[in-house]
Amino acid sequence: MTPRPRSIVVLTGAGVSAESGLGTFRDKDGLWTKYDLQDVATPEGFARNPVLVHDFYNARRRNLVEATPNAAHAALAELERRFDGDFLLVTQNVDDLHERAGSQKLLHMHGELLKIRCERCDMVRPHRDDLDLVTACPACGTAGSLRPHVVWFGEMPLYMDAIDDALALCDLFVSIGTSGQVYPAAGFVADVRRRGQAHTVELNLDPSDGFSLFAEKIYGPATDVVPAFVQRLLATT
Ligand code: OAD
C-alpha cells in the first residue's frame with residue numbers, strides 16, 4: 001500500500017453487489033450462463049426482440065428495488081467521506097447500491113438501471129417501474145421509444161474523459177469485484193501501470209483475468225475484504 005495516497009480511483013464490478021443478492025454475470029450461476037448477452041445486452045438484440053430485453057431489465061429492476069447495500073458499499077462510502085484527498089468511485093454496476101450507501105463521487109460507466117432514455121430525443125430520467133413497448137416518452141411524446149439507460153455491448157461507456165483524467169492523476173487504483181473481462185474497464189490497471197505513478201490493488205473473490213498486473217491482491221468476499229482494506233487505508237491517511 002502507498003504510505004499516504006493523495007488521489008484514489010476505485011473501480012467496482014458485480015462482485016461488490018453479489019452479497020446484496022444481485023447476480024454477477026460470469027460466475028457459476030451468473031446472468032450470462034442463463035441469458036445470451038447478444039440477445040439482451042446489445043442494440044441488435046433490442047431491435048430483434050425488444051419484449052425479451054424489457055422483460056430481462058424489468059426483472060433486474062424489480063430485484064434491485066428489493067436489494068439493500070452491504071458492508072462493502074458502506075465501507076467505500078466511508079472512505080469517500082473520511083479521505084481528504086481526491087477520490088473517484090467508478091462503477092460498472094447499473095444498480096444504485098453505492099448511492100444508497102452514501103457514495104457521491106461516483107460515475108456509472110455502464111449506465112443506471114433505475115433510469116430510462118428516449119431513443120428519439122435522448123431524454124434521460126429516473127424510472128422505477130416496468131418498461132414496455134407502448135409507453136410514450138414524457139419529453140417528446142414518441143410511443144415505444146424508451147429503453148433502459150444502460151450501456152450495451154457495442155456502445156460507448158459513459159464518462160470516459162473524466163475517468164481517464166482521474167486515472168492519470170491517481171496514486172492508488174483499487175479494483176473490486178470485477179472479472180476483468182470487459183473493456184475498457186479491464187484495461188484501467190494496465191493504463192495506470194504504464195504511467196507508473198500508482199499503487200494497484202485487486203480485491204476480489206478469485207483472481208481476475210488481469211490479476212498479475214496488480215501489485216497487491218486480497219481475495220475473499222467483498223463484505224469482508226473491502227471494510228478491512230478501507231480501515232487499513234484510513235489508518236495510513
Ligand atoms: P463478472 O460477473 O464478470 O465478474 C464478477 C467478479 O466478482 C468475479 O471475478 C467474481 O469472482 C467476483 N465476485 C463474485 N462474488 C463476489 C463477492 N461476494 N465478493 C467479491 N467478489 C465477488 O462482473 P463484472 O466484472 O462486473 O456489462 O462484469 C463487467 C461487465 O460485464 C458488466 O458491467 C456488464 C457485464 O456484461 C454490461 O452489461 C455492458
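A: The protein is divided into domain 1, made of 7-20 + 69-110 + 157-236, and domain 2, made of 23-66 + 113-150, with bounds that come from an automatic or database domain assignment. This is a predicted model, in which local features need pLDDT of at least 70 and side-chain atom pairs count only at pLDDT 80 or more, while totals for chains, interfaces and linings use all residues. Residues are numbered from 1 along each chain as its sequence is written, and side-chain values use heavy atoms, with hydrogens and water left out.

Taken over C-alpha atoms, the centres of domain 1 and domain 2 are 25 Å apart. Where the two meet, 13 residues of domain 1 are in contact with ten residues of domain 2, contact meaning heavy atoms within 4.5 Å. The area buried between domain 1 and domain 2 is about 860 Å², and carbon and sulfur atoms give 62% of that area; buried area is the accessible area (1.4 Å probe) that two parts lose on being put together, summed over both. On the side of domain 1 that touches domain 2 there are six nonpolar, four polar and three charged residues, where Ala, Val, Leu, Ile, Met, Phe, Trp, Tyr, Cys and Pro count as nonpolar, Asp, Glu, Lys and Arg as charged, and the others, Gly among them, as polar.

Across this interface of domain 1 and domain 2 the rule finds zero salt bridges, a salt bridge being a side-chain nitrogen of Lys or Arg within 4 Å of a carboxyl oxygen of Asp or Glu. In the structure as a whole, the count by this rule comes to eleven salt bridges. One of them joins Arg-48 to Asp-39, with the closest N and O atoms 3.2 Å apart; here Arg-48 is exposed, at a relative accessible area of 56%, whereas Asp-39 is partly exposed at 30% (buried means under 20% relative accessible area, exposed over 50%, partly exposed in between, with a 1.4 Å probe and protein chains only). Another links Asp-130 with Arg-62, whose closest N and O atoms are 2.7 Å apart.

Turning to the rings, the structure holds seven aromatic pairs, where rings of Phe, Tyr and Trp (its six-membered ring) pair if their centres lie within 6.5 Å, and planes under 30 degrees apart count as stacked, over 60 as edge-to-face and the rest as tilted. Phe-25 and Trp-32 make a tilted pair, 5.1 Å centre to centre with 40° between the planes; Phe-25 counts as partly exposed at 22% relative accessibility, and Trp-32 as buried at 18%. Phe-56 and Tyr-57 make an edge-to-face pair, 4.8 Å centre to centre with 85° between the planes, and Phe-56 is buried at 3%, as is Tyr-57 at 3%.
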